[in-house]
Amino acid sequence: MFRRIGILTTLFLTVMCSQQKTQEKITREFTDEEFEKHYELKSQGLEKILGKSHDVVGHAIIPFEIGGAVDMYYFPNALEGTGFATMELIQPDGTGPIPNRNGTYELVAFTKLNYVSDTTETNAFNLIERRTCGTFTAIGNYSLEAKLEPGETIEIPEDDKPNKCLIFDEYKPDNKDFIIGDKEHGLLLVIEVFRNEMEYAMENGSSELLKKLKEKGFYPYSDLDRPSVIE
């Protein structure tokens, strides 16, 4: 079953403002030691699935919990290219996004581009990294208000640009579970696709689109410097 979610900019602003007090309250319930331990356990859980992470973390100027962007974590050893992941959605007590069929989760996405430290705005890796950060931030905020399931499609509005078209999938390579300590959680894969691909998924089922992306070698990447798989 599919649903097409149109997220308005005003909704994002409302969610960010309404979540600020809620997240501040959540943050005060945990000690620094609890957060540090949870961070270490989450890092270990992610690295078991995505390989060792890069030493560099893309820290947001304004923290996510008070209305800013998510921090970006880079995984150059997951697949060809670079994996991106969030680390701020699941709280130390296991709460976070409204649980889907895999429970609470963090977000992951991939590019075929290798990690580079050059932050020049025109650098190809930096462009998709910043685009993914914006996507993660929007989805992260929305996940606190709505249940987001693998297989669903979603649109994110862009100022003076076509909307981003996304499809979700469960990310569980080699059937590896995402474990934080002794608790099982999920990884929600975010794939940016072309509009006609998203519409195809809505009409024919996400599994059919994912199958086509895999056959062409485009899964699980969000790079759009490729032809559409829908003829």
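How many salt bridges does the count come to? By the rule used here, a side-chain nitrogen of Lys or Arg within 4 Å of a carboxyl oxygen of Asp or Glu, the count comes to eight.

This is a predicted model, in which local features need pLDDT of at least 70 and side-chain atom pairs count only at pLDDT 80 or more, while totals for chains, interfaces and linings use all residues. Residues are numbered from 1 along each chain as its sequence is written, and side-chain values use heavy atoms, with hydrogens and water left out.

**Stop 1: Arg-131**

Select Arg-131, Glu-158 and Glu-192, which a network of salt bridges links. Arg-131 meets Glu-158 at 3.1 Å, N to O. Arg-131 belongs to helix H3 (residues 124-142) and Glu-158 to strand E6 (residues 153-158), 27 residues apart. Helices (H or I, at least four residues) and strands (E, at least two) are DSSP runs, numbered from the N terminus.

Arg-131 also meets Glu-192, at 2.7 Å, N to O. Glu-192 is in strand E9, so this pair ties together parts that are 61 residues apart in sequence. Now colour by accessibility: buried means under 20% relative accessible area and exposed over 50%, with partly exposed in between (1.4 Å probe, protein chains only). Glu-192 is buried, at 7%, whereas Arg-131 is partly exposed, at 29%, and Glu-158 is partly exposed, at 21%.

**Stop 2: Lys-172 and Asp-177**

Next, select Asp-177 and Lys-172, whose side chains form a salt bridge of 2.8 Å, N to O. Asp-177 is partly exposed, with a relative accessible area of 33%; Lys-172 is partly exposed as well, with 31%.

**Stop 3: Asp-71**

Move to Asp-71, in the loop between strand E2 (57-58) and strand E3 (72-75). Asp-71 is buried but has no salt bridge, and the nearest side chain of opposite charge, that of Arg-130, is 8.1 Å away. Lys and Arg count as positive and Asp and Glu as negative, with His and the chain ends not counted. What does the side chain of Asp-71 reach? It reaches the backbone nitrogen of Ala-60, at 2.8 Å. Beyond neighbours within four places in sequence, Asp-71 has contacts (heavy atoms within 4.5 Å) that include His-59, Ala-85 and Glu-88.

**Stop 4: strand E3**

Select E3 together with the strands beside it. E2 and E3 run antiparallel and are joined by two bridges; Gly-58 has Met-72 as its bridge partner in E3. E3 and strand E4 (residues 82-85) also run antiparallel, joined by three bridges, and Phe-75 has Gly-83 as its partner in E4. The E3 and E4 hairpin has six residues between the strands, and Gly-81 there takes a positive phi near 95 degrees.

Show the side chains of E3. Met-72 and Tyr-74 point one way, Tyr-73 and Phe-75 the other, and all are buried. In a regular strand the side chains alternate between the two faces of the sheet.

**Stop 5: the nonpolar cores**

A nonpolar core is a set of buried Ala, Val, Leu, Ile, Met, Phe, Trp, Tyr and Cys residues joined through side-chain atoms within 4.5 Å. The largest one has 30 residues, and those with the most contacts inside it include Leu-46, Val-108 and Tyr-171. Its largest share, four residues, comes from E9. Finish on Tyr-171, which touches residues including Leu-50, Val-108, Phe-110 and Leu-189, not counting residues up to four places away in sequence. Another core, of 24 residues, lies apart from the largest one and has Phe-64, Tyr-74, Leu-107 and Ala-146 among its members.

Terms used. A polar contact is a pair of N or O atoms within 3.5 Å; within protein, one must be able to donate a hydrogen and the other to accept it, and residues adjacent in sequence count only if both atoms are side-chain atoms. Two strands pair if DSSP finds at least two bridges between them.
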